[in-house]
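Please read the briefing below with the sequence and the 3D structure side by side. It takes the topics in turn: helix packing, sheets and cavities.

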Amino acid sequence: MTLARAAALGLFLLLSHGCARPAPPPTFAPPGRGDSRFRFVDVAGSAGITRVVLSGRATMDHLLDSGGTGAAFLDYDRDGNLDLYVVNAWRLEGNQVKERGSNALYRNRGDGTFEDVTEKAGVAGEGRWGAGATVADYDGDGWPDILLTNFGPNVLYRNRGDGTFNDVAARAGIEAPGWNTGAAFLDADGDGDLDLYIASYIDTTIAEVLQATRSLPWHGLELVAAGPFGMKGAPDHYFRSEGGERFVEATEEAGLTDRALAYGFAVRAADFDGDGDPDIYVANDSDANYLYRNDGHGRFDEVGVWSGCALDAGGAAQASMGVAAADYDGDGIMDILTTNFSEDTCTLYRGLGGGLFDDVSLPAGIAAATFLPLSWGTAMADFDNDGDLDIVIANGHIYPQIDSHPEIVGTFAQRNLLLENDGGIFRDVTGSAGPGFQLVQSSRGLAVGDYDNDGDLDILITNLNERPDLLRNESSGGSWLTVTPEVEPGHGPLIGTEVTLIAGGRTFTGDVAAGDSYVSTHDPRVHFGLGKIESVETLDVRWPDGTHTIRHTVPARQFLVIRKGG
Amino acid sequence: MLRVVIRAAPTVMLAAAVLASANVSFARAPDAPPATPAELSATYGSIADVIIAAKKAEAGIVSGILESSYGHAQGRIAAAKAAMKGGNAAGATAAVESVASLVGQMATEGDSSVAAIRKRLLDNGHHHHAKEEQQGIYDEGYVVVTKVAKMALLASSKAFGAMAKAPTEAGLDAEWAKVQATYASLKKK
């Protein structure tokens, strides 16, 4: 976004909210319930989530320093309790590597605490500078595997099913050394195995990272890390699965060539045009976002511009960091939310059907709340189980130098955001969402999942140079239903499956995805908040092969497993 | 389109040849007045020719891109109408989606491959309309398509996309008329 445009948009947003000068840095309402239904408490420390995520240099001289890492919810041991995986990076001092961080796998003991099983499981990350974690059973053996996208060769941890993993990335053919970021598994060609899209950011080397000096003027006040303008973008990759064990690079063949060499950050696969096959949305930093439409056979056309979800309402490419996809307005059509850089708004693209979208950020109340922060991980999910999808956004700036001028856009450390869906308009309820939302950190990755199996969604957030937050949801909420659509007993949710509920005269839709938010993976189970509804009239599972499983009169407040053909 | 490109290209090549063949000497007599050496002035003059020619060539190439997209879109409109007349609904849909894509490319002065080039130019400080960008007339790096025209073309692109599943001749004509008007306004500049 140009400075002129940022200024104009900022002025509009501020005037539309009754003030004529830039908002002061965030002030924080005292934690507590107040009259809010929402209450989140950070329990990471007491639960044993303690490993600090390293983040380059304190001065953030290169964009890699401040990129942060992702996280994932997964049930790696299939005991019914969600475990956590947190990616780590390196610590630098000047041009020296001081410490290579270890990723962490935390096993859920089922009593609200976690055991660090990283070493035992063999998933420390191979000493790489990590970016993201994407979880999927890529080989179809029933055990969730972990793809680590890295600055450097990727790692694919194959789950052996005995609590240990081994790296098979080289053998599988997906190492793709570079600055890899977001990824998504999807069955693009409908052959029953999972293909893989990996976004890439900048074409650079560790030597360039170590030698980087801050050279970009920020508001004429500070020199900050340069880029991404001025740096060559790195091409995204698409790997087609060959029977579930090996992949072949098929980027060009599939029509997925990253012709803009865009600075790719986040990927989400979903059926965006409602034709029954998975499409791919890529959130790019400072470039138009991509929407690749699948022809049903694993060949794609890039249709982002004319479908209305590549640019914002002003026709500008934004600096997108993260993505969420869900049906926020209950019309049965997938909507898209992108998180963007500071002094620009996050963008909510409302799905119109047939793969068309409208930017509704302003009327939906997204724009004002998201203009100042720099936003990353995100999810659209029903956190108070009232029957509609709220929005959570992880925030944090990339320039610590802005701390000398907090009156401009706030500080490097920022509060995360919780926006409540109030009839399709989003209200900022962060200040009354409990102590977990009053934390001020530089956050990045975000994953949502019900780790304590109490029917509401908790939030895992990574932070630069701090331990992650695990925000336990203590909100007072309504009814709920969590669905696991699986093929074989215990194999977990099948990626690409859609679940639609009809209840109380309304339609609720959700899907199973692997790869979301900012370089993170949510709980694969499909969660629905139902408000006062205690029984679902119709539950329709659409499997990736187009077949359906339908249930009638399904009681709420349960974890429901739907088996294909069962 | 090709005509435009070919017309612009020799100017750049000629200027580049002047540069390449310039025999620049940096030596000067010890008692020479503190004037800019004539060889350097001459070379700078040649570079100025190159820069000016390159800028003209850039405008010519982007105009060519627009002309190409416009021409192809016009062809796809005709193809869509033919498909509709022949009862080929899928063909009509594909043709109208092509129109949507091509009009979108007009809005963005080319597809994503051009975006990469524009990004490279901006990375290196080249703004074809630096002043007009500040005034909000052009988006960053845009050469021919004004902000107003861009928004109009994006709206038309989306409108074609929306009508692709069930196009009508009247609908196509009405939206195409808007594209024609926008394109005509750009050609006048």
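Axes here are lines fitted to C-alpha atoms, for helices over the stretch in contact, and angles run from 0 to 180 degrees between N-to-C directions. This is a predicted model, in which local features need pLDDT of at least 70 and side-chain atom pairs count only at pLDDT 80 or more, while totals for chains, interfaces and linings use all residues; side-chain values use heavy atoms, with hydrogens and water left out. Residues are numbered from 1 along each chain as its sequence is written, and chains are lettered from A and ligands numbered from 1 in the order in which they are written. Helices (H or I, at least four residues) and strands (E, at least two) are DSSP runs, numbered from the N terminus.

**Helix packing in chain B**

- Helix α3 (residues 89-107) of chain B and helix α6 (residues 147-163) of chain B pack at an angle of about 170°, and their axes lie 8 Å apart. This angle makes α3(B) roughly antiparallel to α6(B), in a scheme where angles under 35 degrees count as roughly parallel, over 145 as roughly antiparallel, 65 to 115 as roughly perpendicular and the rest as oblique.
- The crossing of α3(B) and α6(B) is left-handed; a crossing has this name if the near helix is turned anticlockwise from the far one by less than a right angle, and is right-handed if clockwise.
- Helix α2 (residues 38-85) of chain B packs against α3(B) at an angle of about 165°, with the axes 8 Å apart. That makes α2(B) roughly antiparallel to α3(B).
- The crossing in which α2(B) passes α3(B) is left-handed.

**Two open sheets in chain A**

- Strands of a sheet pair through backbone hydrogen bonds, either parallel or antiparallel; here two strands pair if DSSP finds at least two bridges between them.
- One open sheet of four strands runs in the order β12-β13-β16-β17 (chain A), with antiparallel pairing. Its edge strands, each pairing on one side only, are β12 (180-186) and β17 (246-249) of chain A, and neighbouring strands are turned by 25° against each other on average, direction ignored.
- Within that sheet, strand β16 (residues 237-242) of chain A pairs with β17(A) in the antiparallel sense over four bridges, and S241(A) has F247(A) in β17(A) as its bridge partner.
- Another open sheet has four strands in the order β8-β9-β10-β11 (chain A), again with antiparallel pairing. Its edge strands are β8 and β11 (165-167) of chain A, and the twist averages 25° from one strand to the next.
- Strand β10 (residues 155-159) of chain A and β11(A) pair in the antiparallel sense over three bridges, with R158(A) standing opposite N166(A) in β11(A).

**Cavities**

- The structure holds four cavities of 30 Å³ or more. On a 1 Å grid over the protein atoms alone, a cavity is a set of points where a 1.4 Å probe fits but cannot get out, and lining residues have an atom within 4 Å of a point; a volume is the space filled by probe spheres set on the points, which are joined across faces, edges and corners.
- The largest cavity has a volume of about 60 Å³, and its lining includes W129(A), G130(A) and A131(A). Strand β8 (residues 129-136) of chain A gives the largest share of this lining, three residues.
- The lining of the largest cavity divides into six nonpolar, four polar and no charged residues, where Ala, Val, Leu, Ile, Met, Phe, Trp, Tyr, Cys and Pro count as nonpolar, Asp, Glu, Lys and Arg as charged, and the others, Gly among them, as polar.
- The second largest cavity has a volume of about 50 Å³, and its lining divides into four nonpolar, three polar and three charged residues.

Conventions. On a 1 Å grid over the protein atoms alone, a cavity is a set of points where a 1.4 Å probe fits but cannot get out, and a pocket is an open set with protein on both sides within 12 Å along at least five of seven lines; lining residues have an atom within 4 Å of a point.
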